[in-house]
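Please examine the sequence and the model shown below.

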Amino acid sequence: MNPHEDGRKRGLHATVVKVLRHRRADRGMSLEPHASRCIRAGEVHELVTTDHVDTEPGARIDRVGFLGFAEFGCAGVLDRGDELRIGNRVVGTVLGFDACHFPNHYNILVRAEVASTGEELGLHPEMPLAFAQSVLTGPAPMSGG
């Protein structure tokens with residue numbers, strides 16, 4: 001997110017459609033140069049946790065935990081830094097995107113302290129997930145007048 005350019009946006013809600021329970025230490029994903037991606041209603045994308053922090057385009061992402069696949073219920077914009085929440089629990093923040101399976105789906109890489117799997121986090125099919133915009137900083141919005 002770029003607080004100098006980005007205003008408020010709608011949250012994105014998704015539903016787990018498949019839980020994954022494996023992890024890798026040598027996955028070799030490559031971080032896309034894009035800090036945001038548009039999401040269409042009904043799209044299914046894979047959610048992957050990682051403890052990597054590098055956001056440079058092409059950064060290699062090896063240590064990952066696979067959460068699962070989620071269907072997005074509405075269209076919107078997903079930005080680097082958005083929080084992934086399960087209920088009131090913050091799982092992590094969007095690190096970026098890997099497009100090795102695109103156009104079938106994106107791997108949405110979520111930065112977390114531990115690269116957890118969906119099974120470890122207690123995910124189950126039909127569980128709701130939410131992506132919330134990170135806290136905006138910078139000038140306050142203008143008021144009408």
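Why is β5 largely enclosed by the rest of the structure? The reason is that 6 of the 7 residues of β5 are buried, where buried means under 20% relative accessible area, exposed over 50%, and partly exposed in between, with a 1.4 Å probe and protein chains only. This is a predicted model, in which local features need pLDDT of at least 70 and side-chain atom pairs count only at pLDDT 80 or more, while totals for chains, interfaces and linings use all residues. Residues are numbered from 1 along each chain as its sequence is written, and side-chain values use heavy atoms, with hydrogens and water left out.

The chain contains 0 helices and 12 strands; helices (H or I, at least four residues) and strands (E, at least two) are DSSP runs, numbered from the N terminus. For its 145 residues, a compact globule would have a radius of gyration near 15 Å, and the chain agrees because its own value is 15 Å. That radius is taken over C-alpha atoms, and the globule rule is 2.2 Å times the number of residues to the power 0.38. The C-alpha trace spans about 55 × 35 × 30 Å along its principal axes. Of the 145 residues, 41% are buried. Contact means heavy atoms within 4.5 Å; among the contacts with a separation of 6 or more, 78% are accounted for by residues 24 or more positions apart.

The strand β5 has two pairing partners to consider; two strands pair if DSSP finds at least two bridges between them. With strand β7 (residues 64-72), β5 pairs in the antiparallel sense over 7 bridges, and Thr49 stands opposite Gly65 in β7. With strand β11 (residues 107-111), β5 pairs in the parallel sense over 5 bridges, and here Thr50 stands opposite Arg111 in β11. In a regular strand the side chains alternate between the two faces of the sheet.

The loop between β5 (44-50) and β6 (60-61) holds His52. This histidine is buried, because its relative accessible area is 13%. Leaving aside neighbours within four places in sequence, the residues in contact with His52 are Arg60, Ile61, Asp62, Arg63, Leu95 and Arg111.

Another histidine, His13, belongs to strand β1 (residues 12-19). His13 is partly exposed, with a relative accessible area of 49%. Although 59 residues separate His13 from Phe72 in sequence, the C-alpha to C-alpha distance between them is 5.9 Å. Phe72 is one of the residues that His13 touches when those up to four places away in sequence are not counted; the others are Glu71, Gly73, Cys74, Leu129 and Ala130.

Two details of the backbone occur in loops. The peptide bond from Phe102 to Pro103 is cis, with omega near 20°, and Pro103 is found in the loop between β10 (89-98) and β11. Glu126 is not a glycine, yet has a positive phi of about 80°. Its place is the loop between β11 and β12 (128-132), and Glu126 counts as exposed because its relative accessibility is 62%.
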